[in-house]
Amino acid sequence: MDSILVAVLVVTAIVSASVLAPRIGTAAPLVLLAIGLVVSLLPFTPEFEVDPELILAGLLPPLLYSAAVNMPTMDFRRDFRTISGLSVLLVIVSSLVLGGVFMLVIPGLDFALAVALGAIVSPTDAVATSIAKRLGVPSRVVTVLEGESLLNDATALVLLRSAVAATAASVSLAGILVDFVWAVVGAVSIGWIVGAVVLRIRARIEDAALTTAISFTVPFVAFLPAEHLGASGLVAAVTAGLVMGHGQARHLGPKQRLSDRQNWRTIELLLEGLVFLVMGLEVSALVQDVEETTEGGVLKAMVLAAVALAVALAIRAVYTLAIVVMERRRYRRSPQLREALDEWSTKVEGSEHPRAERIRRRLRRFSADIDFYDASRFGRREGFILVWAGMRGAVTLAAAQTLPTDTENRSLLVLVAFFVALTSLVVQGGTLAWFVRRLGLAGQEEGVDDEWQRVNARMMAAAGDVLDDVELPAGLGDVRGRVTQAMQDESFDPAVMYDVRLEIIERQRQVLLQERAEGTYSSEVLTRMLAQLDADQIGIELRRSGDSA
């Protein structure tokens, strides 16, 4: 009975925070973090501690999977170089530099354990960066933040595992490299296989409830074998999510996709809120333990956390500056790239070579990528937001709690990690919206309305192509301009019109998927139009089933 009451209170707190947060101008995770902190400090609240494996293996896989499913793979591909650099190189550099800092400020801490603590506080968190997504941060910055936070866990956890092993002198640099390569390559392979197989299984099941139930198992089906084989289960879950998200528009029906969106959004809301609530609730036990076992107590942990976060942000700022410089070089090279692209396009134009069409598609995609980079420049303002929005969160705390129980100063190290995450969320998360407005980046997505009109025109053209190919009911004539009116005319046989409209929607969907492959339009516009086609198809199928009943 007590467990049921706790579950009801948790859900109530999450829903209340989600309703309250927009009204007070903050993010719901921060409200939940504050609630957890207040409750943990109440005298009648029992000591609260969560098994870190529950977070790492129970909460994070579905959360990362949900974020990956909803991430546009087109945008992920375009910024993969930036994302991979932040996920691997920045985490490694941050872990080593922070390890040196921790050795200097914590007497008696050996280098291996110091690097382990650096690896714990280095990665940004996918749950934490959800705050940035809700505050109007430019979409390209959000894509980079999400991609980084989805992948950097593998780097951090492999470094942590290797550093802990090094404390017993049982690991070598070559061993660390082998572990890391396998953690990524093995996880990507397992995740891709799981995503592809489950996608095709779900495509054979028409019942939306059944196929959505199957989707709930996917992150764990990818996570468990990857972890068993020594790879990164989190990266496997992310890879399965990317595969599923990219292929669902082609293989799943609209009811399945709608059911997925609604149910996974609910799961994401509850799990994300639970993670932040748990973080707040754990503070009391950590504080008490450190006060009893560590000289300097909580104040020492807070100072160490402030130093660690400042160093981490400084390293991130230097790395981001390099990204901005490379983006400027890319923009300056844009005219030369376009000239080379035009030359290649001229060479393959009209060619009947078997590979000519494939080359033309790649050239169109390359041209769309150049347009994207020119329209979504990554300057100093975006760079600042990339630095400030890179917050630490649940992964940092969960990873800290995986330190062996016999680790010297373990409670202090865990509390330092907690304060790093807490300070990052409160300070960076609490001021991010102000910085976004101050820098003039809120609502800077330009040209969406014009692009929407172009996509609409493309959809009407696809509808006209279908009407040219099908045998229409008598009386419709051949006038394309009456397409909309004809499809709404009740004087025609509804069954025939339903079939025509469904064929039009299927043709339009195929056109959109082709445009997505070539990157012609933004992911935002394509996602909106695909969702609209799904809604139209569901409405037509419901009306058709009602007429036949």
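The buried residues of helix 17 pack against helix 5 (80-105), helix 8 (139-166), helix 14 (297-332) and helix 19 (410-438). This is a predicted model, in which local features need pLDDT of at least 70 and side-chain atom pairs count only at pLDDT 80 or more, while totals for chains, interfaces and linings use all residues. Residues are numbered from 1 along each chain as its sequence is written, and side-chain values use heavy atoms, without hydrogens and water.

**Helix 17**
- Helix 17 covers residues 380-388, and its buried residues are E382, G383, I385, L386, V387 and W388 (buried: under 20% relative accessible area, 1.4 Å probe, protein chains only).

**Helix 1 and helix 2**
- Helix 1 (residues 2-24) packs with helix 2 (residues 28-41) at an angle of about 120 degrees, and their axes are 8 Å apart.
- The crossing of the two helices is right-handed.
- From helix 1, A13, I14, A17, S18, A21 and I24 meet A28, V31 and L32 of helix 2 (contact: heavy atoms within 4.5 Å).
- Eight residues of this contact are nonpolar, one is polar and none is charged.

**The chain as a whole**
- The chain has 23 helices and zero strands (DSSP runs of H or I, at least four residues, and of E, at least two).
- Its radius of gyration, taken over C-alpha atoms, is 26 Å, close to the 24 Å that the globule rule gives for 549 residues, so the chain is as compact as a globular protein of that length. The globule rule is 2.2 Å times the number of residues to the power 0.38.
- Of the 549 residues, 50% count as buried.

Methods:
Axes are lines fitted to C-alpha atoms, for helices over the stretch in contact, and angles run from 0 to 180 degrees between N-to-C directions. A crossing is left-handed if the near helix is turned anticlockwise from the far one by less than a right angle, and right-handed if clockwise. Ala, Val, Leu, Ile, Met, Phe, Trp, Tyr, Cys and Pro count as nonpolar, Asp, Glu, Lys and Arg as charged, and the others, Gly among them, as polar.
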